[in-house]
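Subject: Structure for you to look at

Hello,

Here is the structure I said I would pass on. Please open it and keep it beside you while you read the notes below.

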Amino acid sequence: MKHYLQFNDLTADEYAYLFERAALIKKKFKAYEKHHPLVDRTLAMIFEKASTRTRVSFEAGMYQLGGSVVHLTTGDSQLGRAEPIEDSAKVISRMVDLVMIRTYEQTKIEDFAANSRVPVINGLTNEYHPCQILADIFTFIEHRGSIQGKTVAWVGDGNNMANTWLQAAALLGFKVHVSTPHGYEIDEKLAVGAGGTSAGSYQFFSDPLEACRGADLVTTDVWTSMGYEAENEERKKAFADWCVDAEMMAAAKPDALFMHCLPAHRGEEVEADVIDGPQSVVWDEAENRMHVQKALMEYLLLGRVA
Ligand code: CP
Ligand code: NVA
């Protein structure tokens, strides 16, 4: 049994399979062709933080695969009344086939997985957001072909998205130019690849414009992630120069793409003319969450098919 708790949990070979499989699953979806490999299977989705994309993409995706879903939040389950995570995992995993969790500390999802009879998927933690990077790389491949050898510019917070990009770079062989404000750097321990090293896959730039120079993809995220709301005002000041604008996009390659996992704040981490401009692929990126997660759920439950 495999869990998907961080990007490092799958190999480059498994990712190659998933990207191909997601393309096929997407093609079938667009052609209104039935694809029901998960009939009678149930996904439990546990949300301890808010969500739009993750909820809709997992829920719609599971129904499209022929399965069904159970939706739990901290507020409407015993999780919010301090039932131990280990007990919750033992109970929930006796009744469903797959669990997706969005929560705070990575240790919580690890504890859940350690006590689960079924595969567990990380739907975002403070440390990682692997399903999003799975979708982002799939989107890059759709638009530009293989990401191997390419350069991604990360402008902004050293957060869950940044850590996951760095894990992916070490695993799939591309580079990340990272530019974060002072005090919001990435935690290198979290960002290492599966081999325990980043193998030269990232470089730090104090100037975000320099990070974007020559990049194939420019990407950013909110200045204040969920769980850090108390720091919002302080962050607004620290991040003022880390707004992706037309000048940064002009420093990147002429055919560079712009991505943002969303939700976005125009005029903060990105200017409206960039996110709503011709280089932006944010809507494909959001839609692709569903297609790659369908491939992932199918893989975790059935292994390689066809
Ligand atoms: N990108 C993403 O995970 O969006 P939600 O918070 O809406 O799920
Ligand atoms: N870094 C953001 C991503 C939201 C999808 C957060 O954790 O809130």
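Some notes on how to read the values. This is a predicted model, in which local features need pLDDT of at least 70 and side-chain atom pairs count only at pLDDT 80 or more, while totals for chains, interfaces and linings use all residues. Residues are numbered from 1 along each chain as its sequence is written, chains are lettered from A and ligands numbered from 1 in the order in which they are written, and side-chain values use heavy atoms, with hydrogens and water left out.

Back to α2. Its buried residues are T54, S57, F58, E59, G61 and M62 (buried is under 20% relative accessible area, exposed over 50%, partly exposed in between, with a 1.4 Å probe and protein chains only). Their cover includes strands β1, β2, β3 and β4 as well as helices α5 and α12. After α2 comes G66, with a positive phi near 95 degrees.

T42 belongs to strand β1. T42 counts as buried because its relative accessible area is 17%. Its side chain makes a polar contact of 3.5 Å with the side chain of S68 (a polar contact is a pair of N or O atoms within 3.5 Å; within protein, one must be able to donate a hydrogen and the other to accept it, and residues adjacent in sequence count only if both atoms are side-chain atoms). Leaving out residues up to four places away in sequence, T42 is in contact (heavy atoms within 4.5 Å) with residues including M62, V70 and L98.

Now the ligands. Around ligand 1 (a heavy atom within 4 Å) are residues including S51, T52, H129 and C261. An oxygen atom of ligand 1 lies 2.8 Å from a polar side-chain atom of R102, and a nitrogen atom of ligand 1 is 3.0 Å from an N or O atom in the side chain of Q132. The protein buries 96% of the 260 Å² that ligand 1 exposes when taken alone (areas are from the Shrake-Rupley method with a 1.4 Å probe; for residues, only the protein chains shown count as cover).

Ligand 2 has residues including L124, N159 and C261 around it. For nitrogen atoms of ligand 2, a polar side-chain atom of D221 lies at 2.6 Å and one of S225 at 2.7 Å. A polar backbone atom of M226 is 2.8 Å from an oxygen atom of ligand 2. On its own, ligand 2 has 270 Å² of accessible area, and the protein covers 94% of it.

Last, the aromatic rings. There are 8 aromatic pairs (rings of Phe, Tyr and Trp, the last by its six-membered ring, pair if their centres lie within 6.5 Å; planes under 30 degrees apart are stacked, over 60 edge-to-face and the rest tilted). In one of them, Y17 and Y299 have ring centres 5.6 Å apart and planes at 45 degrees, so this pair is tilted. Y17 is in helix α1 and Y299 in helix α12, 282 residues apart. Y17 and Y299 are both buried.

Regards

Conventions:
Helices (H or I, at least four residues) and strands (E, at least two) are DSSP runs, numbered from the N terminus.
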